[in-house]
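This report describes the fold and the ligand shell of the model shown below.

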Amino acid sequence: MVLADLGRKLNAALSSLSRAPVVDEKVLEALLKEICAALLESDVNVKLVSQLRQKVKAKAKAHFESGADRGKEANRKNVVQKTIFDELVHLVDPGVEPYKPKKGHPNVIMAVGLQGNGKTTTCTKLAVYYQKRGFKSCIVCADTFRAGAFDQTRQSATKAKVAYFGSYTETDPVAIAAQGVSKFKKERFEVIIVDTSGRHKQESELFEEMVQIGQAVKPDMTVLVLDASIGQAAEAQSRAFKESADFGAIIVTKMDGHAKGGGAISAVAATQTPIIFLGVGEHLTDLDRFSPQPFISKLLGMGDVQGLMEHMHDLANANPEKQKEMAKKLEEGKLSIRDWREQIQNVMNMGPISKIASMIPGLPQDILQGSDEEGSLRMKRMIYITDSMSAVELDSDGSCFLITAKDGKPEGLTWRVARVARGSGTSVREVEELLCQYRMMANMAKQAGGKNGWMQTMQKMQ
Ligand code: GDP
């Protein structure tokens, strides 16, 4: 069962609780049965599932017996839902904080893992991720075992416009790693990702090589790359690696297609190692940051305010001056069409639209119907429309497109709308729609008001 299916099943179970007229032990039992079945289908370990069941039961029972909310079914439902939410978070929470790359510091990240797990792909995804967030990022390919590994890095790094280092002639991976890291440190790179050789299985040779590379490049963080398809076997694999290379974090790849994703995540959490990202596809942007609470929140269709805020924050870090200016305009309620266009472009840079949509709490997930391509095409058309506007129009609040009656109410559209439609190859209706969306956004921004208003509004929605 892929994660979305697991999320839907958990969500359906919790919704049935909302509909139940009374909440008693029988209802709780039926609910837990559904939730546990969904978790087991996702390959979560039987023992972990049974622990979750016992804990929820014990906590809910204690609450029922306290009689604190006798007759108040809504309260009871909230308590049961919150208990289940907390226990699901606990299931994927190793209770350990991962290393966080620091700006202005050469953060060396070494990736290890078995061949085919997605290590090389993930290294480029990581470099892209950090690069987008304002870190000068690069990749060192120290995988001399797999023929074509350097070519793969070269191709994907070039596509992603990320600096890379490797060699066709040097056969010693330790030497390549040391040379690459030293070169990039001198060039003041801030995130230096070292891709190491994988093997088909856990061999002592691989572990020795990992230790030697580790000694040569002294990583700030070693990341184990694991394939989700192994499900709960992830626990054994991560323990085996931990004995040799003391890694500080894990990335679970191929979460997009595998039935056993939930099993892999919970198994890893049991080894007290934090998962930092999930690989969710073959594209360079298919990398989701992982942290327990937002993950469960998103899984249950409740949005991920933290993730969204981080995205915004990262974008702000990448261009602090611009964002300061934007915050001031927001504060004054003066967002022009040009500012709005910039925000749309920012959203497009954040990654596939469906992912961003799933982070926004309260937003119906079908609002951006169709594929990501269709979604980004819709956004691109919005950009084309604004491209056909004059500088005066872009810097305006959109009122120059409206004919206003004496009482201030809009009563028609000016000639500008038809001109923009013609220039952008769209229709008058599309331009009108865009202006209407802009006005909605500008009003929302005005109401939210202030630098933190938007964030507070979002948090209240959760
Ligand atoms: P390595 O041997 O560990 O370096 O593995 P590669 O990076 O070469 O990846 C092996 C295969 O897995 C490639 O076909 C990748 O495109 C694919 N892959 C990697 N990560 C993901 C992911 O998150 N989702 C999917 N669907 N495929 C992935």
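The residues of the shell around the ligand comprise one nonpolar, twelve polar and five charged; Ala, Val, Leu, Ile, Met, Phe, Trp, Tyr, Cys and Pro count as nonpolar, Asp, Glu, Lys and Arg as charged, and the others, Gly among them, as polar. The model is predicted: local features need pLDDT of at least 70, side-chain atom pairs count only at pLDDT 80 or more, and totals for chains, interfaces and linings use all residues. Residues are numbered from 1 along each chain as its sequence is written.

Of the 18 residues around the ligand, those that come nearest are Gly118, Lys119, Thr120, Thr121 and Gly279; a residue is near a molecule or strand if its C-beta atom, placed from the backbone, lies within 6 Å of it. Helix H5 (residues 119-132) supplies the largest share of this shell, three residues. Helices (H or I, at least four residues) and strands (E, at least two) are DSSP runs, numbered from the N terminus.

**Overall architecture**

The protein has 20 helices and ten strands. Of its 462 residues, 37% count as buried; a residue is buried if 20 or more other C-beta atoms lie within 10 Å of its own, exposed if 12 or fewer, and partly exposed in between, with C-beta atoms placed from the backbone.

Eight strands form an open sheet of mixed pairing, in the order E3-E2-E4-E1-E5-E6-E7-E8. Strand E3 (163-165) and strand E8 (287-289) stand at the edges with a single partner strand each, so one side of each is left without a neighbour in the sheet. From one strand to the next, the twist averages 25°; axes are lines fitted to C-alpha atoms, for helices over the stretch in contact, and angles run from 0 to 180 degrees between N-to-C directions.

Helix H6 (residues 149-159) packs on the sheet and touches strand E2 (137-142), E3 and E4, its direction making about 165° with that of E2. Helix H7 (residues 173-186) also packs on the sheet, where it touches E1, E2, E3 and E4. Two residues are in contact if their C-beta atoms, placed from the backbone, lie within 7 Å.

**Strand pairing**

The table lists selected pairs; two strands pair if DSSP finds at least two bridges between them.

| Strands | Sense | Bridges |
|---|---|---|
| E1 (residues 107-112) and E4 (residues 191-196) | parallel | five bridges |
| E5 (residues 221-227) and E6 | parallel | five bridges |
| E6 and E7 (residues 275-279) | parallel | three bridges |
| E9 (residues 402-404) and E10 (residues 410-413) | antiparallel | three bridges |

Val223 stands opposite Ala249 in E6, and Ile251 stands opposite Phe277 in E7. Five of the five residues of strand E6 (residues 249-253) are buried, so the strand is largely enclosed by the rest of the structure. In a regular strand the side chains alternate between the two faces of the sheet. In E6, Ala249, Ile251 and Thr253 point one way and Ile250 and Val252 the other way.

E9 and E10 form a hairpin with five residues between them, and Gly408 in the turn has a positive phi of about 90°. Leu402 stands opposite Leu413 in E10.

**Leu284**

Leu284 lies in the loop between E7 and E8 and, having 19 C-beta neighbours inside 10 Å, counts as partly exposed. Leaving aside residues up to four places away in sequence, Leu284 touches Thr124, Lys125, Val128, Ser156 and Ala160. Leu284 and Ala127 are 157 residues apart in sequence and 9.4 Å apart in space, C-alpha to C-alpha.
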